[in-house]
Amino acid sequence: MRVEQIAVFLENKCGRLAEITRVLAENSINIRALSVADTADFGILRLIVDQVDAAKKVLKENGFTVGKTNVIAVEVPDRTGGLASVLKTAETEGLNVEYMYAFVNKTGDNAVLIFRFDDMDKAIAALQKAEFTILSGAQVCAL
Amino acid sequence: MNWEEIETLPRPGLESIQLNRLQKLVHRVYETVAPYKAKMDEAGVKPGDIQSLADLRHLPFTTKDDLRDNYPFGLFTVPMDEIVRVHASSGTTGKPTVVGYTAQDIQMWASVMGRALAMAGVTKGDMVHNAYGYGLFTGGLGAHYGIEYLGATVIPVSGGNTKRQITIMRDFGSTVLMATPSYALNLADAMADVGVSPDDLKLRVGIHGAEPWSENMREEVERKLGIKAVDIYGLSEVIGPGVAMECLQSERGMHIQEDHFLPEIVDPDTFEPLPYGEPGELVFTTLTKEAFPIIRYRTKDLSRLFAEPCPCGRTLVRMEKVTGRTDDMLIIRGVNVFPSQVEHVLMGVEGVEPHYQLEVNRQGNLDTMSVLVEVSENVFSDEIKVLENLTKRIQVEIKDLLGVTCAVKLVEPKTIKRSEGKAQRVIDNRKL
């Protein structure tokens, strides 16, 4: 029930994001979702792509530091309170969100929330118990 | 206070005192310090071979590595119960360089420091604002005892808390400022910020050392503080500040207190002694120290010696302002920093690659150091806090070891230029 995400270290200098997207495009890798976390000195780009291992390989070949981590993708109806309901469950269960980002699927009916929790196993159990829809990596890429 | 007679002795008289002291010293270290004996035996030289000052060249050199190998007290010549103080400075790796003093050494140091102050025209009537750091660093306490020896009033203000320092200088009527040249400029700028002008102060002379500074910086200090700024030289391995001092009339560097510290200039490649006037590495032999005498200590400082008589009347040779180093030591805000120390810290952090670079800049009058570290997969994380903890940890460990606050900048792999042969570890952007 986990989705593989790749994270790339971004030095705070001009053109690094452009370089990453160029490398991915040249290798026909499609980005499904992304977020950039930035500090004064550096950034971390987090990506969900259709070909995780290929993306990791080509980025490494181009000199980037790349990591692979697991995140949880939760599908909620795209309406008021969708995210709030998931976070309410997380709060009740004492789960801490390390970071999250979201995108809306093509039909526009549902939103996909990408979560990294401090305790991923507990999070999956809690979200399943609360009957949220948890997507697999293949499902996220098929959206 | 006038200078002591020995400072103006004709050279033959001074040299005979030096030779007598050198011979006694060589006998003493040979008999009491095993590492010195071993090195002299290896070089095939006996204490009796020192028949003239020129024979000094037969004695083996001492380096920072010798101090490290005998850490902490292995080169002391007296039992520990005769040691009344220790100081320490940066070693080349994790361990500091430790030096020790007997009561007599402290007294001698105070007297040479007192003489140094007298060279700058300081007298009993002066109020001396001592902004050198107090602590393991020899600067603060070394100056302190010299000021008291001279009979002037010492304000032991130490470093930092700049605004309070300005208030004290104004309210106490400080007449002499002792500080690193960069801190002197920092004080001048801070004075401008709080609306205190040099006319509000009684400062007359500044005594500046512990870091390299140029003639341009001297002019800036003199202009901004309305004082005469003079240069002082010293290093803990020899004794601390006061080894050499610029007098007010000198236009050719600092008088070396030769009755206590015997200087040589050697070729940095062949280590052969060079004649007066030739540039090379400065080497010192202490003639009168008890606890921690040192023979032919290679300072790694580049300078020249001048024997021409000084208008002030002193016959002591003068050394040119230090023009550079033969190694990669940096001086950051008065603290000696070796790139190898930073490497030592990084190697202790799991997963950090051995590729790093130090970037030194001068922002305003303050030196700043950034350590550039490549982010390998081993330390990378998708979470910001993990990387921030890494930079904080490196920062704290460098501060703990070196006593210098630095910025840690994470960079992408392979962005630090790989050189063929010796890596370029330091980018020094300071225009000194």
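What percentage of the 143 residues of chain A count as buried? In this predicted model, the share of buried residues in chain A is 29%. A residue counts as buried here if 20 or more other C-beta atoms lie within 10 Å of its own.

Chain A contains five helices and seven strands.

The pairing of strands in chain A can be followed from strand 4 (66–77). Strand 1 of chain A is joined to strand 4 of chain A by six bridges, and the two run antiparallel. Within this pair, A:Gln5 has A:Thr69 in strand 4 of chain A as its bridge partner. Strand 4 of chain A also runs antiparallel to strand 6 (residues 110–117) of chain A, again with six bridges. Here A:Ile72 stands opposite A:Phe115 of strand 6 of chain A. A further antiparallel pairing, over three bridges, links strand 4 of chain A with strand 7 (residues 133–135) of chain A. In strand 7 of chain A, A:Leu135 is the residue opposite A:Ala73. In a regular strand, side chains alternate between the two faces of the sheet.

Chain A is assigned two domains, domain 1 (3–69) and domain 2 (70–142). The C-alpha centres of domain 1 of chain A and domain 2 of chain A are 22 Å apart. Their contact involves 10 residues from domain 1 of chain A and 13 residues from domain 2 of chain A. On the side of domain 1 of chain A that touches domain 2 of chain A, the elements giving two or more residues are strand 1 (3–11) and strand 2 (31–38) of chain A. Strand 2 of chain A provides the largest share of that side, four residues. By class, this side of domain 1 of chain A has four nonpolar, three polar and three charged residues.

Attention now turns to the contact between the two chains. How many residues does the contact take from chain A and from chain B? Each of chain A and chain B contributes 17 residues. On the side of chain A that touches chain B, strand 1, strand 3 (42–49) and strand 4 of chain A each supply at least two residues. The most, four residues, come from strand 1 of chain A. This side of chain A divides into six nonpolar, six polar and five charged residues.

Chain B is likewise assigned two domains, domain 1 (5–327) and domain 2 (331–428). The C-alpha centres of domain 1 of chain B and domain 2 of chain B lie 31 Å apart. In their contact, 15 residues of domain 1 of chain B meet 16 residues of domain 2 of chain B. Helix 7 (residues 181–194) of chain B gives the largest share of the domain 1 side, four residues. That side of domain 1 of chain B has three nonpolar, 10 polar and two charged residues.

Chain B also holds an open sheet of four strands in the order 10-11-12-15, with antiparallel pairing. Its edge strands are strand 10 (261–266) and strand 15 (324–325) of chain B, each of which pairs on one side only. Six bridges connect strand 10 of chain B with strand 11 (residues 280–286) of chain B. One bridge partner in strand 11 of chain B is B:Leu282, which pairs with B:Ile265.

The largest has 88 residues, and B:Met178 and B:Ala184 have the most contacts inside it. Helix 4 (residues 103–119) of chain B gives the most to this core, with nine residues. Apart from neighbours within four places in sequence, the contacts of B:Met178 include B:Val128, B:Tyr132 and B:Ile207. A second, separate core of 60 residues includes A:Leu10 and A:Ala73 together with B:Leu358 and B:Ile398.

Conventions:
Residues are numbered from 1 along each chain as its sequence is written. Chains are lettered from A and ligands numbered from 1 in the order in which they are written. This is a predicted model: local features need pLDDT of at least 70, side-chain atom pairs count only at pLDDT 80 or more; totals for chains, interfaces and linings use all residues. A residue is buried if 20 or more other C-beta atoms lie within 10 Å of its own, exposed if 12 or fewer, and partly exposed in between; C-beta atoms are placed from the backbone. Domain bounds come from an automatic or database domain assignment. Two residues are in contact if their C-beta atoms, placed from the backbone, lie within 7 Å. Ala, Val, Leu, Ile, Met, Phe, Trp, Tyr, Cys and Pro count as nonpolar, Asp, Glu, Lys and Arg as charged, and the others, Gly among them, as polar. Two strands pair if DSSP finds at least two bridges between them. A nonpolar core is a set of buried Ala, Val, Leu, Ile, Met, Phe, Trp, Tyr and Cys residues joined through C-beta atoms within 7 Å.
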